[in-house]
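The paragraphs below walk through a structure step by step, beginning with a single residue and widening from there. Please keep the sequence and coordinates open while reading.

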Amino acid sequence: MLAAVARPTTFRDVADALTLLVLLTEFAMLRSSLPRSQVRLYAFQSLAVTALAALVAARHGLGDLYVIAALTLVLKVVLVPWIILRVLRDAGTEVAGSHRLGVATMVLIALAVSIFGFFTIGSMPFHSSSLPTPALGLSVAEILVAFMIVVLRADVVSQAAGFFSLENGVSVVSLVVASGLPLVVETAFLFDLVVAVVVFGILMRVHHRRTDTLSTGVLDRLRG
Amino acid sequence: MSWVLVVLLAAPLVSVVVCAVLPNRAAQGATLVAGLLCFSLSIVLVGHPSSTALSGWLMVDPLSTVFVVPTAFLYFTTAIFSVGYVHPAGDEVARARYLRRFWVGFNVFAWAMLMAPIVNGLPLLWVAVEITTVVSALLVALEHTPGATEAAWKYVLIASMGLGIALVATVVMYYAGSAVLGSGLELFYSRMLPAAGRFPPQITELAFVLAVLGFGTKMGLVPVHTWLPDAHSEAPTPVSALLSGALLAICFYAILRYYEITERAVGAAFPREVLLAFGLASLVLAALVVAVQRDVKRLLAYSSVEHMGVLCIGMSFAAPLAVVGVLLHVLAHAAAKGTAFFGSGSVVRKFGSKDVASLRAGIVFLPWSGPMLVLAVLALSAMPPFGIFRSEFLIVAGGLRSPADAAAAVLVALVTLAAFGLTWYVGRTMMSPASLGTTSSEADGSPEPPPWPWGGLPAAESEAVLATAVVTVPRAQGEQERPSPTRGEPSPWIVAAMILGLAALVVLGIHPPAALGTLLHRAAAQLEVGR
């Protein structure tokens, strides 16, 4: 279908493949049962985003984007997964299979949601100058699947990973439609992400210390 | 005046450093000084509400000044309140750690909230709001109770997801802007606004809806408000006051920035409809929940949802008068909600509980903060002579003149319902005769005799007791035994903070300064209503 939208070239093929990889990794995160493997999948997804940023930088000669790609590599591929894996190691417990629904049901729901996102955005008059425009639909689909992870998984690590991967989706969106964002702004976004990750890490530790579990099943006291 | 902006952002940071390295006394002093300085500078800005600094990255215009003032005011008054309120339990080391974390976090939180209206451009605005989220989530978790842990996790997760949507909104608005202005755009307001008329309409609308959904999550708009009552009720009370009075307003400011651009691109009808839908949903839910709430801080939290709904509905009226009312409402709500939370903090400190069943005769036990809490709640219920009466009057008056006068009627009905819920609650807890054992003659704070159970009282005597409003503190079943409260204030600092809040409300209600009136009208003109 992507090929039908645009005349295939090497750049397009690679870009489409990378964007699709980001979306597929998101599905893999949704279904994988161990938080540890989810974090690894997140690192892999971030690597795909880095490659995409480098690809756009090379294609359009945008020097700023090389800096962003390098920062993404250091922060999202290395630092963020390292912080979360450390929380997991210190917690010493593993929550296997925190799915709220059966895996097949979850994947079907996510599939429906992502198709909705893809075609809704496809109907809007966006024209990307940096990447094939369908990449926008794919990344919005990825964002919606990230929402599904947060909604349908019941442990703090998966929910945090869902949020971080949502941020990956937004990065791809900004590569597609806003590749000219000033460097200072992009850096501020990335810095903010790191602060958020540190805070998520602290709150995960607090949660584990207080409840002795990583599951969110115990978080049901506050109602009304 | 560009030095004002730099000092406004530098003062809280200096205070952060002092709080991080020096002991508690110095931290309190530094925060008070920084708060007073910021508030004074915000007053200076009221008279001169346009300047830029740091080669354009910092900027104030009338609209942003309207939001700097209540934030700085609450920074100052909440600092005063915190000096009297924050006295953690535990050993020396734990206390020192708690205090250092609290004061550092408090100042960083205030700094981020002051930064949001001062930075120039939508991306930096998003960055500032995201910083407020992560800092305040840590502050919510500070109490280390199971409730606080749960509330902090829900808050950071839901608010961050919401801000993820807001980030998409930022990127989409950038796309809309770069379609007209070319890439490499900083999204400075001064460049966006004149060109906004040529932005692609459909994409600008998409950005606006995403922004309302994203920032609306943090502003507490129904149906994305679910984190709010938990975080407001479980956070330390000073943090609740800042969350409710200042942070929600800052997120409303972010929405207004998108509103400004959107109405220039596609006309005002579309953003008004969106805000009307969210505003009505918020007001309906909050008005109904307020009527049945049992926890004093959750009650105030839902009252915030109600007032955010009022703000959105006020913006949806095609009337400049209503917009002036909305902006005044931001100021008055900050003062009223801050004061009410200070009062609830005083009550919680006195009775050791937030539950309605265990609070009685607050005005007897709390001779100053009790009556002032009642006044603050009356102010929240839009009673004259307080500021919210004036602002809601302007909103409704504007609404009745606009084509959407049905919404104005619904607004009046729902606000009345919420006011009933609030005053009913406060009547029960603060004014009901409630406790045997403390008479007005024991006003000097001497320990009271043990409480007198109702059953054991001779009939004649019980009438006499009722007549002098002397009663018992009933305990909810299953609650642990607490020492009975005595008459007296927990701290003069709390009283001082409440007096400042009420004074601001009275000034706003009876005779707002002329400079402030000019500012509000200029800010409303900036929102260019009536197009």
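B:L221 is buried, because 30 other C-beta atoms lie within 10 Å of its own, and a residue needs 20 or more to count as buried. The model is a predicted one. B:L221 sits in a loop of chain B, between α8 (201-219) and α9 (228-234). Beyond the residues up to four places away in sequence, B:L221 touches B:G216, B:F278, B:S282, B:M308 and B:C312. B:L275 is 54 residues away from B:L221 in sequence, while the C-alpha atoms of the two are 9.7 Å apart.

The loop between α8 and α9 of chain B also holds B:P223. The peptide bond between B:V222 and B:P223 is cis, with omega about 10°. Another cis peptide bond, again with omega about 10°, joins B:P384 and B:P385. B:P385 belongs to the loop between α15 (369-380) and α16 (387-401) of chain B.

Two further loop residues have backbone angles worth checking. B:S55 is not a glycine, yet its phi is positive, at about 45°. The loop that contains B:S55 runs between β1 (51-53) and β2 of chain B. B:S55 counts as exposed because it has 7 C-beta neighbours inside 10 Å. B:H144, also not a glycine, has a positive phi of about 60°. B:H144 is in the loop between α5 (122-140) and α6 of chain B. With 14 other C-beta atoms within 10 Å, B:H144 is therefore partly exposed.

Now consider chain B as a whole. Its secondary structure consists of 20 helices and two strands. Chain B has 531 residues, of which 62% count as buried. Among contacts in chain B with a separation of 6 or more, 80% are between residues 24 or more positions apart.

Which residues touch the most other members of the largest nonpolar core? They are B:V140, B:V172, B:A207, B:I250, B:F252 and B:I255, in a core of 287 residues. Helix α6 of chain B (residues 146-181) supplies the largest share of this core, 22 residues. For B:A207, the contacts outside four places in sequence are B:A169, B:V172, B:M173, B:A176 and B:Y258.

Next come the helices themselves. Helix α2 of chain B covers residues 24-47, 24 residues in total. From first C-alpha to last, α2(B) reaches 35 Å, close to the 34 Å expected at 1.5 Å a residue. The buried residues of α2(B) include B:A27, B:A30, B:T31, B:A34, B:L37, B:C38 and B:L45. An α-helix has 3.6 residues a turn, so residues three or four places apart point the same way. The buried residues of α2(B) pack against α1 (2-21), β2 (58-60), α3 and α4 of chain B.

Helix α4 of chain B (residues 92-118) contains B:I118. Is B:I118 buried or exposed? B:I118 counts as buried because it has 25 C-beta neighbours inside 10 Å. Apart from neighbours within four places in sequence, B:I118 is in contact with B:L5, B:L8, B:L9, B:L58, B:V60, B:S64 and B:V68. B:L394 is 276 residues from B:I118 in sequence, and their C-alpha atoms are 27 Å apart.

Two packed helices are described by the angle between their axes and the distance between the axes. In chain B, the axes of helix α3 (residues 62-85) and helix α10 (residues 237-266) come within 9 Å and cross at roughly 170°. The pair α3(B) and α10(B) is therefore roughly antiparallel, since angles over 145 degrees count as such. The residues of this contact divide into 14 nonpolar, five polar and no charged. On the α3(B) side they include B:L63, B:F67, B:L74, B:F81 and B:Y85, and on the α10(B) side B:P238, B:L242, B:I250, B:Y253 and B:L256 are among them.

Finally, there is the interface between the chains. Here 33 residues of chain A are in contact with 37 residues of chain B. On the side of chain A that touches chain B, α6 (134-152), α7 (156-177) and α8 (183-211) of chain A each supply at least two residues. The most comes from α8(A), with 13 residues. By class, this side of chain A has 25 nonpolar, four polar and four charged residues.

Methods. Residues are numbered from 1 along each chain as its sequence is written. Chains are lettered from A and ligands numbered from 1 in the order in which they are written. This is a predicted model: local features need pLDDT of at least 70, side-chain atom pairs count only at pLDDT 80 or more; totals for chains, interfaces and linings use all residues. A nonpolar core is a set of buried Ala, Val, Leu, Ile, Met, Phe, Trp, Tyr and Cys residues joined through C-beta atoms within 7 Å. A residue is buried if 20 or more other C-beta atoms lie within 10 Å of its own, exposed if 12 or fewer, and partly exposed in between; C-beta atoms are placed from the backbone. Helices (H or I, at least four residues) and strands (E, at least two) are DSSP runs, numbered from the N terminus. Two residues are in contact if their C-beta atoms, placed from the backbone, lie within 7 Å. Axes are lines fitted to C-alpha atoms, for helices over the stretch in contact, and angles run from 0 to 180 degrees between N-to-C directions. Angles under 35 degrees count as roughly parallel, over 145 as roughly antiparallel, 65 to 115 as roughly perpendicular and the rest as oblique. Ala, Val, Leu, Ile, Met, Phe, Trp, Tyr, Cys and Pro count as nonpolar, Asp, Glu, Lys and Arg as charged, and the others, Gly among them, as polar. The expected span of a helix is 1.5 Å times one less than its number of residues.
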